[in-house]
Amino acid sequence: MNVTSQSIAAAIARINVRMPAISAELDAADAKLGDGDTGTMLARLVQGLAEVDLSGSESLQSSFSRLAKAASATTGSSLGTLVVVALMVMAKASSGKTELSFVEFGELLVLVRDGIMSRGQANLGDKSVVDALDYLARALATAPGGQPPASTAIAALEQAIADFRDRPSKLGRARLYGAESVGLTDPGMLALHLMVSAIAGQP
C-alpha cells in the first residue's frame with residue numbers, strides 16, 4: 001500500500017479517534033518540564049485536520065496544502081507551527097504526484113526534517129521531535145523490500161526515544177532544566193511515536 005490522499009485521510013482519522021488518550025499522555029509528559037498543554041494543542045490541531053475532506057482529492061500537493069492551511073488555523077504553538085511547516089514542505093515536494101511508496105515517503109520526510117530544522121532553529125541531537133523524525137525518515141527511506149512500513153516506523157521511533165531518554169534537552173523550555181530533563185521522554189518525540197502507533201492500530 002502506497003501513500004495517497006485517501007490513505008492520509010484514513011491515517012488522520014485513526015489518530016483523531018485515539019486523541020483523547022494521546023492528549024492526556026502528552027499533557028502529563030509535558031507537565032514535567034513544560035506548560036502541560038502539548039496534548040491539548042495537538043488534539044485541537046488533529047481535529048482541524050480531520051475536518052478536511054480529502055475524499056475527492058487525487059493530488060498529494062493539493063491535499064498537503066489544504067491540510068497545512070487547516071493546521072495553521074488551529075494553533076500558533078511552536079509544535080503546531082512545525083506541523084504546518086512539515087505539511088508545506090510535503091506539498092511542495094510532492095508536486096505532480098498522486099502517490100508515493102513508503103521509501104519515497106521516507107525521502108520526503110528527510111526534506112521535512114531539514115525544513116523543520118531551518119524553521120525551528122533546531123539541530124540533530126537536541127532531543128526534540130526533529131531527532132525522532134530523523135530516525136523515522138532514515139528508517140523508511142532505507143527499509144528493505146517487503147518489510148512492513150508500520151513495524152519499521154514504530155521500531156525506529158522506539159529506538160529514538162530510547163537513545164535520547166538519558167540525554168539532556170537542548171531545545172525549548174525543557175533546555176532550561178538541564179540535568180532534570182535526563183531520564184524523561186521529550187513530548188515531541190513521544191507525540192510522533194503515539195500518532196504513528198495510532199495509524200498502525202497499535203496501543
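In the predicted model, helix α2 passes helix α3 in a right-handed crossing. Helix α2 spans residues 38-50, and its axis lies 8 Å from that of α3, the two helices packing at an angle of about 140°. Because only angles over 145 degrees count as roughly antiparallel, α2 is oblique to α3. On the side of α2 the contact is made by L45, G48 and L49, which meet L67, A70 and A71 of α3. Sorted by class, the residues of this contact comprise 5 nonpolar and 1 polar, with no charged residues.

Helix α3 (residues 60-72) also packs against helix α4 (residues 78-93), here at an angle of about 160° and again with an axis-to-axis distance of 8 Å. This angle makes α3 roughly antiparallel to α4, and the crossing of the two helices is left-handed. The residues of α3 that take part are Q61, F64, S65, L67, A68, A71 and S72, whereas α4 contributes V84, L87, M88, M90, A91 and K92. By class, the contact of α3 with α4 has 9 nonpolar, 3 polar and 1 charged residues.

Turning to the aromatic side chains, the count comes to 1 aromatic pair. The pair is formed by Y135 and F164, whose rings are arranged edge-to-face, with 6.2 Å from centre to centre and 70° between the planes. Distant parts of the chain are linked by this pair, since Y135 belongs to helix α6 (residues 129-141) and F164 to helix α7, 29 residues apart. Both partners are buried: Y135 has a relative accessible area of 18%, and F164 has a relative accessibility of 4%. Both values fall within the buried class because that class takes in residues under 20% relative accessible area.

A further position considered is R175, which is placed in the loop between α7 (149-164) and α8 (187-200). With a relative accessible area of 46%, R175 is partly exposed, in contrast to F164, which counts as buried. When neighbours within four places in sequence are left aside, R175 is in contact with S169 and K170. R175 and D126 are separated by 49 residues in sequence, while their C-alpha atoms are 8.9 Å apart in space.

Terms used: Residues are numbered from 1 along each chain as its sequence is written. This is a predicted model: local features need pLDDT of at least 70, side-chain atom pairs count only at pLDDT 80 or more; totals for chains, interfaces and linings use all residues. Side-chain values use heavy atoms; hydrogens and water are left out. Helices (H or I, at least four residues) and strands (E, at least two) are DSSP runs, numbered from the N terminus. Buried means under 20% relative accessible area, exposed over 50%, partly exposed in between (1.4 Å probe, protein chains only). Contact means heavy atoms within 4.5 Å. Axes are lines fitted to C-alpha atoms, for helices over the stretch in contact, and angles run from 0 to 180 degrees between N-to-C directions. Angles under 35 degrees count as roughly parallel, over 145 as roughly antiparallel, 65 to 115 as roughly perpendicular and the rest as oblique. A crossing is left-handed if the near helix is turned anticlockwise from the far one by less than a right angle, and right-handed if clockwise. Ala, Val, Leu, Ile, Met, Phe, Trp, Tyr, Cys and Pro count as nonpolar, Asp, Glu, Lys and Arg as charged, and the others, Gly among them, as polar. Rings of Phe, Tyr and Trp (its six-membered ring) pair if their centres lie within 6.5 Å; planes under 30 degrees apart count as stacked, over 60 as edge-to-face and the rest as tilted.
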